[in-house]
Amino acid sequence: MTSLDQIIDDFAFLDEWEDRYRYVIELGKNLPEMPEVSRTSENKVQGCASQVWLVTHATGDAEDPLLTFEGESDAHIVRGLVAIVLAIFSGKRASEITRMDALDIFGKIGLIEHLSSQRANGLRSMIRRIKSEAEGRLPA
């Protein structure tokens, strides 16, 4: 999977929106395939126009676990957005995830303003789902 730093560097290099759009699709193509058995209604992200599934894995410290995520979508561009979301959040501690502003990152790379309102809403739904998963793993 492509790192967030690499994604940010690549977006800085690409001037044209069409090139960025193609890059997002390429990121989605490089996303590992999610097993069919994981594409359940429980793992489906509500609020996305396209089908999106997210699976959370927690390891390590029970007080502040390290979270990794798997994601999938049936739409090419959304699959690329999933790849970026996973690059932002996967491999971070739950407490860190709750403090992160992923929409700010999407704004910095110049992507958020080019998303349709449906895709932007779906992106927000993915982010809310991940932050909710992180909050649910922390002690009350």
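Residues are numbered from 1 along each chain as its sequence is written. In this predicted model, local features need pLDDT of at least 70 and side-chain atom pairs count only at pLDDT 80 or more, while totals for chains, interfaces and linings use all residues, and side-chain values use heavy atoms, with hydrogens and water left out.

Select helix 1 (residues 4–13) and helix 3 (residues 76–89). Helices here are DSSP runs (H or I, at least four residues), as are strands (E, at least two), numbered from the N terminus. The two axes come within 8 Å and cross at roughly 130 degrees; axes are lines fitted to C-alpha atoms, for helices over the stretch in contact, and angles run from 0 to 180 degrees between N-to-C directions. Show Leu4, Ile7 and Phe11 in helix 1, which meet Ile84, Ala87 and Ile88 in helix 3 (contact means heavy atoms within 4.5 Å).

Next, select Phe11, Ile84, Ile88, Phe89, Phe106, Leu111 and Met126, which touch the most other members of the largest nonpolar core, a set of 41 residues. Such a core consists of buried Ala, Val, Leu, Ile, Met, Phe, Trp, Tyr and Cys residues joined through side-chain atoms within 4.5 Å; buried means under 20% relative accessible area (1.4 Å probe, protein chains only). Helix 3 supplies the largest share of this core, 11 residues.

Centre on Leu111. Leaving aside neighbours within four places in sequence, its contacts are Phe11, Trp17, Val24, Leu81, Ile84 and Phe106.

Finish at helix 6 (117–137). Its buried residues include Gly122, Met126 and Arg129, and what covers the buried residues of helix 6 includes strand 1, strand 2, helix 3, helix 4 and helix 5.

Definitions and conventions
Buried < 20%, exposed > 50% of the residue type's maximum accessible area, 1.4 Å probe, protein only.
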